[in-house]
Amino acid sequence: MVVALCHEIELRNSEMLGNSIQTIYFGGGTPSVLSIDELSKIIDTVYKHYTVSKDVEITIEANPDDLTQEKIEALAKSKVNRLSIGIQSFFEDDLRVMNRAHNAKEAMNCLALAAQHFNNISIDLIYGIPNMSIEHWKQNIQYALNSGVPHISCYALTVEPNTALPKLIEKGEIAPVDDVLAQKHFEILVETLEHNGFVHYELSNFGKEGFFSKNNTAYWQGKHYLGIGPSAHSYNGKQRSWNRNNNTKYIKAIQENQCPREIENLTLTDQYNEYIMTGLRTIWGVSLQKVEREFGKKYKEYLLKQAQKHIEEHLLFLDNDTVLVTKKGKFLSDGIASDLFLVNLR
């Protein structure tokens, strides 16, 4: 698999059109199971075939149970300069509900070890967990603040099919997800983190100044990215593509110098909808000037018309040229965005 990944990196270097690489992100699973030699081989292949920025951000996602002292020390000696750790919760009962492999002690221990070697650390937390009290959630946030990490990503718990959680809910062993409680958790999260110097730069992401994720920022600002490996998605502004999700077929195709992927050509309306969806989730919002320049005057007029009722309800506001979500509207931003989408414009 590692050989195939490196070969795909080589095969697709022309797609970057000479642009320098600003961020390398190992995610989409548990890449921390790779050895340091394997990670280094992949990173070195990128450096060999692409122009890489001097201040490139190289992130690896990791679970606490993978981050032993030996692993952290080895990562610190590699080109990896940012860790994204899937803590999810600092409480044992929450981790059991989510069927996580690590326990609360491992979560705290790995953070303490990581802080000795990395200053750029992000953690994931989950809110809206059934039976999680307000006080319990506040303690979770405080543990995160006490750890000193400069970046926190937070997501509402979702019930995915074919996992243990829906079965437990169906049996009555766990309460159903409560959307009202999740919204309350979100409001507490925003208020607490902003009070402690974090910038809520994207719906699910909070960072201290100088520690916004370059990877996340690039995605939400609609910049181009190249996805390597089975199931990986890529985007170049005009097209979206995704690799075959079968490991064996993926490796076989790469060995034959083929990129095993499907490509979707995005219409102008697709591109507009994408910009609305991503822009509204961020502190940078949606630029009316950009909408008119890239999509046309009719798109701008449509956007303003659809936005009006949300402005009246204080869910959106206009700041000169930019449409932004209010604090009241943040939790609802995806739903608001969908109301600004269009299917066809004549």
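1. Leaving aside neighbours within four places in sequence, I85 is in contact (heavy atoms within 4.5 Å) with A62, P64, L67, C110, L111, A114, I121, S122, I123 and D124. This is a predicted model, in which local features need pLDDT of at least 70, side-chain atom pairs count only at pLDDT 80 or more, and totals for chains, interfaces and linings use all residues. Residues are numbered from 1 along each chain as its sequence is written, and side-chain values use heavy atoms, with hydrogens and water left out.

2. I85 also belongs to the largest nonpolar core, which has 64 residues. A nonpolar core is a set of buried Ala, Val, Leu, Ile, Met, Phe, Trp, Tyr and Cys residues joined through side-chain atoms within 4.5 Å; buried means under 20% relative accessible area, exposed over 50%, and partly exposed in between, with a 1.4 Å probe and protein chains only. The residues with the most contacts inside this core are L75, I85, I87, I123, L125, I152 and L189. Helix α8 (residues 179-195) gives the most to this core, with six residues. Another core lies apart from it and has 20 residues, among them L280, L303, V323 and L342.

3. Helix α6 (residues 134-147) packs against α8 at an angle of about 35°, and the two axes are 10 Å apart. The crossing is right-handed. On the α6 side the contact is made by I134, W137, K138, I141 and L145, and on the α8 side by L181, K184, H185, I188, L189, T192 and L193. By class, this contact has eight nonpolar, two polar and two charged residues.

4. Helix α11 (residues 268-280) and helix α12 (residues 288-295) pack at an angle of about 165°, with axes 11 Å apart. They are therefore roughly antiparallel to each other, a label used for angles over 145 degrees. Their crossing is right-handed. L268, Q271, Y272 and Y275 of α11 meet K290, V291, E294 and F295 of α12. By class, the contact of α11 with α12 has five nonpolar, one polar and two charged residues.

5. Is D37 buried or exposed? D37, in helix α2 (residues 36-49), is exposed, with a relative accessible area of 64%. D37 and K138 are 101 residues apart along the chain, and their C-alpha atoms are separated by 40 Å. K138 is one of the α6 residues in the contact with α8.

Technical notes: Axes fitted to C-alpha atoms, helices over the stretch in contact; angles between N-to-C directions. Helix = DSSP H or I, 4+ residues; strand = E, 2+ residues; numbered from the N terminus. Parallel < 35°, antiparallel > 145°, perpendicular 65-115°, else oblique. Left-handed = near helix turned anticlockwise from the far one by under 90°. Nonpolar A, V, L, I, M, F, W, Y, C, P; charged D, E, K, R; others polar.
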